[in-house]
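Please keep the structure in view while reading.

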Amino acid sequence: AQLYLVVSEVMYHPDEELAEFIELTNISQTVTLDLTGVKFVDGIDFDFTGSAVTSLAPGDRVLVVRDTAAFTVAHGSGYPVAGVFANTTKLSNDGETIKLEDAGNSTIKEFTYNDAPPWPIAGDAGYSLVLIDPTSNPDPDIAANWRSSALPGGNPDGTDIVTFPANPLGDDDGNGTADLVDYATGADLG
């Protein structure tokens, strides 16, 4: 877990307050991680021991949500949700420290996000924080290693990368704006 588990997305201020989530990704290409004893101890409370997801295959993601029903309304069903934040904890809309520990109480990841520059403008607009290039295991405490999600609500359990348009001057979605401009602003390309 120390080498391969990263916090890859944080939805701390969704439009529906109870739809908060944190996403973890196993960045290993070969090692399945045992999540028994892995726990969030700052920001939110959650222990993976006995949860719905106790191991994470290479490249897989897992979610911890504030409220299952609100998350399902916002994103649908079928996601790898390990469970819900414990002890009525929630993510702060103004930023806070998130700390993830292993079974031996050693720190896996600890970082402080914020909703003010230099952090990306995300939460106040209903977007999530997405770790840029999680497979490189960047320092999550550095604001420049994060960006706002491509779309409001974030993108739990999936890549948030919008592919470059095949025809940059085209207008696949018919909105009267070139696909290159839609791509640059994060709009749906159709």
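The model discussed here is a predicted one.

Phe 21 belongs to strand 2, which covers residues 21–26. Its relative accessible area is 0%, and because buried means under 20%, Phe 21 counts as buried. Thr 49 lies 28 residues from Phe 21 along the chain, and the C-alpha atoms of these two residues are separated by 18 Å.

On the surface, a patch of negative charge is formed by Asp 42, Glu 110, Asp 139 and Asp 141. Of this group, Asp 139 is placed in the loop between strand 11 (129–131) and strand 12 (146–148), and its relative accessibility of 39% makes Asp 139 partly exposed.

Where is Ala 166 placed? Ala 166 is in the loop between strand 12 and helix 2, the helix that covers residues 179–185. Ala 166 is exposed, with a relative accessible area of 86%, and its C-alpha atom is separated by 9.4 Å from that of Leu 180, 14 residues apart along the chain.

The backbone also deserves attention. Most residues other than glycine have a negative phi, and most peptide bonds are trans. Asn 87, although not a glycine, has a positive phi, and Thr 88, likewise a residue other than glycine, has a positive phi as well. Asn 87 is found in the loop between strand 8 (81–84) and strand 9 (95–101), and Thr 88 is also placed in the loop between strand 8 and strand 9. The values for these two residues are set out below.

| Residue | Phi | Relative accessibility | Class |
|---|---|---|---|
| Asn 87 | about 55° | 62% | exposed |
| Thr 88 | near 55° | 78% | exposed |

Since exposed means over 50% relative accessible area, Asn 87 at 62% falls in that class, and Thr 88 at 78% does so too.

The peptide bond that joins Pro 117 and Pro 118 is cis, with an omega of about 15°. Pro 118 is found in the loop between strand 10, covering residues 107–114, and strand 11.

Terms used: Residues are numbered from 1 along each chain as its sequence is written. This is a predicted model: local features need pLDDT of at least 70, side-chain atom pairs count only at pLDDT 80 or more; totals for chains, interfaces and linings use all residues. Side-chain values use heavy atoms; hydrogens and water are left out. Patches are made of residues with over 30% relative accessible area and no salt bridge: like charges are joined within 9 Å, nonpolar side chains (Val, Leu, Ile, Met, Phe, Trp, Tyr) within 5 Å. Accessible areas come from the Shrake-Rupley method with a 1.4 Å probe; for residues, only the protein chains shown count as cover. A salt bridge is a side-chain nitrogen of Lys or Arg within 4 Å of a carboxyl oxygen of Asp or Glu. Lys and Arg count as positive and Asp and Glu as negative; His and the chain ends are not counted. The place of a charge is taken as NZ of Lys, CZ of Arg, CG of Asp or CD of Glu. Helices (H or I, at least four residues) and strands (E, at least two) are DSSP runs, numbered from the N terminus. Buried means under 20% relative accessible area, exposed over 50%, partly exposed in between (1.4 Å probe, protein chains only).
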